[in-house]
Amino acid sequence: GALHIHTIDKHPQTDISDYSGIMVFAEYRHGKIAPVSYELLGIGRKLADKRCVQLIVILPGGKVTEYTDSLIAAGADTVLLAEHPFLEQFREDVYANILETVIRQYKPEVVLAGATAIGRSVIPYVATAVDAGLTADCTRLEIREEDGTLLQTRPAFGGNIMATIECPQTRPQMATVRPNVMAPAQPDPSRSGEVVHLPLTEELLQSQVEVVETVSSADDQVNIQEAEILVAGGRGLESAKGFTLLRELAVELGGSVAASRAAVDSGWIPYAHQVGQTGKTVSPKLYIACGISGAVQHAVGMQSAEIVVAINRDKNAPVFDIATYGVVGDLFEVIPELIKRLQEV
Ligand code: FAD
């Protein structure tokens, strides 16, 4: 199903035509630009071309000048660098202040951020500060050429329908975009662009947040969104021990382990592994779903995988509707057999 939501602003801005350009908030962590930022540049470039406007990227961080070329190659016309040792550590109040400042100065018609831990925490502050609407977790974006209205599509009502939301009367139109949904920009090293070092006043760098210690949890090491091969387990695995078996298969294939919410809620595997509407969106080359029924809330997180293999003992399980290859059978027989065969090759 589909639903179209047209928001009405009770206090419409008098002149939205002051706003022009597409702005992308690029994220920098652990010494690299987050992959989602290149996905935002891919879609941002398309929107900018359609409207014949600039694509502006704002990148806050401790030492970020070295990434300028790659952002320009990925489609940026202007790169705004907010570079300061204090910004090496993410603090949502400081990042929000910086984004608010550049939005007020550059007046973009659209602002995009990744629906990541950082994007999700900072963007609502910014939207409130600049009095704009915000659509979280978009999976599709289009822009109307004539009036610049952004059509923001996201799953709604438990993933049962896709809702398209538009805020035609306010600017900027702000959206967070799920990682791994949009195609990353194809780099073109011959592109050129402008680089602006933002002046960072002391006031802008004021924070209520004091970082006492940074502890990386074991979960941080799990990056199922970047794995090319995922072996996912659901309730059918029956216990944490079932995941030991799954891990053996993942090792044989050189992949990582993912899970359904049922498995995470049962405490068999940490949340960082969860795929789906309230977990992560993944698009690996190969996704092997073991003992997963294929509920829509799970499917929205993995249906863009290139090849889906389903192992399920119920031949009527909905997972077979999205599977490229299906094995109807008991996973406790099929998986050990698979491992054995893989060890033979
Ligand atoms: P089940 O649906 O119980 O399926 C288990 C499957 O295993 C069955 O098909 C069964 O035939 C098979 N099986 C059992 N034993 C064996 C065996 N020995 N060999 C082979 N097959 C076997 N779910 C997510 O996954 N991710 C989300 O992000 C998510 N978000 C949600 C958000 C909302 C708002 C709601 C309402 C639900 C959400 N869910 C999510 C839950 C979702 O609706 C399902 O309940 C969940 O995906 C089911 O997990 P499962 O497939 O592991 O379990």
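**A helix pair and a parallel sheet**

Hi everyone, let's start with two helices: α3 passes α4 in a right-handed crossing, meaning that the near helix is turned clockwise from the far one by less than a right angle. A helix here is a DSSP run of H or I with at least four residues, a strand is a run of E with at least two, and both are numbered from the N terminus.

Before going on, this is a predicted model, where local features need pLDDT of at least 70, side-chain atom pairs count only at pLDDT 80 or more, and totals for chains, interfaces and linings use all residues. Residues are numbered from 1 along each chain as its sequence is written, and side-chain values use heavy atoms, leaving out hydrogens and water.

Back to our pair. The axes of α3 (residues 92-106) and α4 (residues 117-129) come within 9 Å and cross at roughly 45°; axes are lines fitted to C-alpha atoms, for helices over the stretch in contact, with angles from 0 to 180 degrees between N-to-C directions. Among the residues that meet are Y95 and L99 in α3, and V122 and Y125 in α4, where contact means heavy atoms within 4.5 Å.

Now the sheet. Five strands form an open sheet, ordered β15-β14-β16-β17-β18, with parallel pairing; two strands pair if DSSP finds at least two bridges between them. β15 (256-259) and β18 (325-328) stand at the edges with a single partner strand each, so one side of each has no neighbour in the sheet. From one strand to the next, the twist averages 20°.

Which residue in β18 is the bridge partner of V309? That is Y325. Four bridges join β17 (residues 307-312) to β18. Finally, helix α9 (residues 331-344) packs on the sheet, touching β16 (286-290), β17 and β18.
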